[in-house]
Amino acid sequence: CMIRVGIVGAAGYTAGELIRILVSHPCVELRYLQSGSHRGEPVGWVHRDLIYTDLRFSDLDVMDIDVLF
């Protein structure tokens, strides 16, 4: 039951809360965390409490996800 998720504007406050909820969900794979101003940077640089993850901001590819936030 893997759901592939993309988040647009992932550097924002609301997206940060969503990432915190979904990062440890057993049925969610965070595929894309889009941010135009932080592309390529670690997510933990913006959302300091996610510094332990290896997530990075990227471009978005809506062809490879099940849900887009």
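# A tour of the loop between β2 and β3

Select W45 to begin: W45 sits in the loop between β2 and β3. Helices (H or I, at least four residues) and strands (E, at least two) are DSSP runs, numbered from the N terminus. This is a predicted model, in which local features need pLDDT of at least 70, side-chain atom pairs count only at pLDDT 80 or more, and totals for chains, interfaces and linings use all residues. Residues are numbered from 1 along each chain as its sequence is written, and side-chain values use heavy atoms, with hydrogens and water left out.

**Stop 1: W45**

Is W45 buried or exposed? W45 is exposed, because its relative accessible area is 54%. The classes are buried (under 20% relative accessible area), exposed (over 50%) and partly exposed in between, with a 1.4 Å probe and protein chains only. Now draw a distance from W45 to L68. Their C-alpha atoms are separated by 23 Å, and the two residues are 23 residues apart along the chain.

**Stop 2: the whole chain**

Zoom out and colour by secondary structure. The protein chain has 1 helix and 3 strands. Read from the N terminus, the order is β-α-β-β. The C-alpha atoms fill a box of roughly 30 × 20 × 20 Å along the principal axes. The radius of gyration is 11 Å, which agrees with the value near 11 Å for a compact globule of 69 residues. That radius is taken over C-alpha atoms, and the globule rule is 2.2 Å times the number of residues to the power 0.38.

Buried residues make up 35% of the 69 residues. Of the contacts with a separation of 6 or more, 64% are between residues 24 or more positions apart. A contact means heavy atoms within 4.5 Å.

**Stop 3: H47**

Go to H47, in the loop between β2 and β3. H47 counts as buried because its relative accessible area is 6%. Show polar contacts here. These are pairs of N or O atoms within 3.5 Å; within protein, one must be able to donate a hydrogen and the other to accept it, and residues adjacent in sequence count only if both atoms are side-chain atoms.

**Stop 4: F57**

F57 has 2% relative accessibility, so F57 counts as buried. Select its partners next. Not counting residues up to four places away in sequence, F57 touches A10, A11, L33, S35, H38, R39, G40, E41, P42, V43, V46 and H47. F57 and G9 are 48 residues apart in sequence, and their C-alpha atoms are 9.5 Å apart.

**Stop 5: S35**

Pick S35 from the F57 list. S35 lies in the loop between β2 (28–33) and β3 (67–68). At a relative accessible area of 5%, S35 is buried. A polar atom of the S35 side chain lies 3.2 Å from the backbone nitrogen of H38. Leaving out residues up to four places away in sequence, S35 touches A11, F57 and S58.

**Stop 6: Q34**

Step back to Q34, in the loop between β2 and β3. Which residues does Q34 contact, leaving aside its neighbours within four places in sequence? They are I7, V8, G9, A10, A11, S58, D59 and L60. Look for the backbone nitrogen of G9, which lies 3.0 Å from a polar atom of the Q34 side chain. Another distance to draw runs to V5: Q34 and V5 are 29 residues apart in sequence and 11 Å apart in space, C-alpha to C-alpha.

**Stop 7: T53**

Finish with T53, in the loop between β2 and β3. T53 counts as buried because its relative accessibility is 16%. The backbone nitrogen of L55 lies 3.5 Å from a polar atom of the T53 side chain. T53 and V43 are 10 residues apart in sequence, with 7.8 Å between their C-alpha atoms.
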